[in-house]
Amino acid sequence: MNEQRFACTACGLCCHGMLPLSVEEAFKWAHVFPLAMSATPIKPGTRGYATKGVAVIFSAGAKKPIQLIVTPVAFIPPTAPCPQLADTGLCSIHEEKPQRCRTMPFYAYKEEESQRDMLVPRPGWKCATGDDAPVVYRDRKIVGRTEFQRERDLLQGQAAVLQRYVDFLGRYDPGFTVRVQTASKAAVPGRVIVGFVSYLRQNKELNVVDFARRQHPVLRKWQEKTSGDATAGQFLAYYRDAMADLERYLS
Ligand code: SF4
Ligand code: SF4
């Protein structure tokens, strides 16, 4: 029997940096998180990813279709804490936190039998993995898999909507096509970040003005927070551009 143990000691260290959200969560928390869309190519032959019914296929301008993980993200610099992380190191929205946080340390984009690596804490993280911690993974199966399954269902449920979005970008945003192709050819595939407003533009049923009213002050706050931080240049540039994009809906 092969078992792995894990317990969260609430050190708060994994609550830093970018946080994937569902589409629904992104809208719900637009007054809290600075939002972007992220597209990450899955390198052909990479093992362990649960691409069926979850990944999006990008065909525009590519000889071979590229599989992408596409997700809204709270676009937060790696060293910055989540805005919902309290000084105690605990989550201030524990009861309603995003599904990604609930499934941690497991990752629903990977097959259940490929979760072992997810249980190895990153340097500095204070997750308990010794004999006192409960067994959470046995013989490559998750012991309590409710949240994992919930996240998998959620990803499958929104895959069609994200496929339409990526098809839209492929048709109308040549820059996106070039960036995806470049990212997919890198030795370690990179992440392509796109303004969240592009998602709103292709989906006419959404209330862009309401979204802009809630999101703009958040971007401004993060712009102020990161200005002068030499390590957060990419984020600062994004916040500025995203604010400018939203301003046309606020006049
Ligand atoms: S929402 Fe809560 S659990 Fe999730 S990253 Fe933020 S503080 Fe951590
Ligand atoms: S790094 Fe580990 S111990 Fe710290 S909050 Fe995250 S899961 Fe819990």
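Predicted model: local features only at pLDDT ≥ 70, side-chain atom pairs only at ≥ 80, totals over all residues.
The protein chain contains seven helices and eight strands. Its radius of gyration is 19 Å, close to the 18 Å that the globule rule gives for 251 residues, so the chain is as compact as a globular protein of that length. The C-alpha trace spans about 60 × 45 × 35 Å along its principal axes. Buried residues make up 30% of the 251 in the chain. Among contacts with a separation of 6 or more, 77% join residues 24 or more positions apart.

Ligand 1 is surrounded by Cys-15, Leu-19, Cys-82, Gln-84, Leu-85, Cys-91, Ile-93, Lys-97, Pro-98 and Cys-101. Eight residues of this shell are nonpolar, one is polar and one is charged.

Around ligand 2 there are 13 residues. The closest are Cys-8, Cys-11, Cys-14, Trp-125 and Cys-127. By class, the shell of ligand 2 holds ten nonpolar, two polar and one charged residues.

Ala-26 belongs to helix H1, which covers residues 23-28. Ala-26 counts as buried because 23 C-beta neighbours lie inside 10 Å, and the cut-off for burial is 20 or more. Beyond its neighbours within four places in sequence, Ala-26 is in contact with Leu-21, Leu-35 and Pro-72. Leu-236 is 210 residues from Ala-26 in sequence. In space, the C-alpha atoms of Ala-26 and Leu-236 are 20 Å apart.

Notes: Residues numbered from 1 in each chain as written. Chains lettered and ligands numbered in written order. Near = placed C-beta within 6 Å. Nonpolar A, V, L, I, M, F, W, Y, C, P; charged D, E, K, R; others polar. Helix = DSSP H or I, 4+ residues; strand = E, 2+ residues; numbered from the N terminus. Rg over C-alpha atoms; globule rule 2.2 N^0.38 Å. Buried ≥ 20, exposed ≤ 12 C-beta atoms within 10 Å, placed from the backbone. Contact = placed C-beta atoms within 7 Å.
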